[in-house]
Amino acid sequence: MVSFSGIFERRARALLLLAPLLAPLLAPLPARAEIEPGDLTLTVTAELNGNSAPFSREMVLLKIHGVYKQPILLEEVVQPSLANFSWTQLGRDHWSKTKLPDGQSAIAFDRTVAVFPHHAGQFTIEPFTHKLTVNDVGERRVVEVRSKPIPFPVAQWTEPSGGPDAKEPWWLPAKDVAITDSWSPDPETIKVGETTRRIVTLEAQGMVAEGLPPRPVMRTRGIITFAGPVTRETLLTPSGPVARATYQWDVKPGVPEIIPLDAIAIPWFDTNTRTMRETEIPARQIGGGLPDRETDRAPPAIPSPLVVAASALAAFGLGLALIGFGLGRPSLRLSRPTRRALQAAARSGDPAGFRAVLDTAMREAPDLARIWRARPGLVASFAALDRSVFGASGAPVPDLRALANALSRSEPVAAAAREPDRLAPLDGPAR
């Protein structure tokens, strides 16, 4: 019979012999590695316009950027109170993969917040906090990543007029401002009792739509205006927000005379150069393009026989001259108001305003636009204009005066380009 005590003694001796081999396996696992300080970082940068302290109500972009080496499971951004600022988030948060200088992979977080200081003074943007739930060696762990506070001075306006606290004119701080003015139908062609609609679009780069001015007052003697709705929108672009407001009026002349409508000046503060500038809604003329008087509608007086004979002789001589020299070819030309608007933008050295008028001109005169696009010199000037308006800052501006003169000239229409007769020959097609 086998003794149980003997079995236990033999197993105990075997365990003593194997103990040195089992010790490494039975030892406890090393402690979980802590997250290193550089693994999770959050920075906030204020993009100052012109590298200068902003004025009250001037927009400043806060760029919030996080770089995280740990896998992120959940996240929440806790924003400071921003007690002395109005603010709005521009677009959604953006997550992407990135490479660190040492070659390691990480996750990047980006958010853009526009802030508008309420008044002048010395302020501080308190830290933003990003609460992250990370996967730390297989375990969920909540960590808080904080940015550093940012000193934020707001300058006091010292000029004798204007500024953010003045009631008039409207404070409009922007990187650039452009105006597009369109009428339907042309105001010079309408008569008493008829109505034309005016639509003015104001675009300002580097601000949001809520900061654009209210609808301008358009009032002059002899017209009746009905103000339409105002629409506002903020467009997000890679270079920052663009604010757009559209103003609308229905205009009806009440007198038969020509009615001059003065330009409406819109002053604005250039946040890049830190100077006041001015753009305008261009002046226009209402009426005068078509006869609207009783004397114009009256039948013409019957000329005397001598006048008839002289007219017939003059017509005969003119016919001979046309036979000898050939008929004049029809031509195309921009309307007088559009030519004036191009010249005004060229004189003021405003490439954005010039580009807006050019867009309107191309829509009004598509045949002229086709002729311009067929000329290499004009195409090169258009490209240079686009680079100066939409490209990187500092791009050279073409000679706007020369370009306005070139676009204001009459352009002959080739005979082949004329519209064919709409009526077929009365005696049938020629054989």
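**View 1. N51, an exposed residue in the loop between β1 and β2.** With a relative accessibility of 75%, N51 counts as exposed, where exposed means over 50% relative accessible area, buried under 20% and partly exposed in between (1.4 Å probe, protein chains only). N51 sits in the loop between β1 (40-47) and β2 (60-68); helices (H or I, at least four residues) and strands (E, at least two) are DSSP runs, numbered from the N terminus. Its phi is near 55°, a positive value in a residue other than glycine. This is a predicted model, in which local features need pLDDT of at least 70 and side-chain atom pairs count only at pLDDT 80 or more, while totals for chains, interfaces and linings use all residues. Residues are numbered from 1 along each chain as its sequence is written, and side-chain values use heavy atoms, with hydrogens and water left out.

**View 2. R57, in the loop between β1 and β2.** R57 is not a glycine, yet its phi is positive, at about 70°. Its relative accessible area of 35% makes R57 partly exposed.

**View 3. The largest pocket, with a volume of about 920 Å³.** On a 1 Å grid over the protein atoms alone, a pocket is an open set of points where a 1.4 Å probe fits, with protein on both sides within 12 Å along at least five of seven lines, and lining residues have an atom within 4 Å of a point. Grid points are joined across faces, edges and corners, and a volume is the space filled by probe spheres set on the points. Among the 36 lining residues, D176, Q205, S388, V389 and F390 lie nearest the centre of the largest pocket. Elements giving two or more residues to this lining include β12 (176-184) and α7 (376-390).

**View 4. The second largest pocket, holding about 640 Å³ of space.** Its lining has 28 residues, and E280, P282, A341, A344 and V357 are the closest to the centre. The largest share of this lining, 7 residues, comes from α4.
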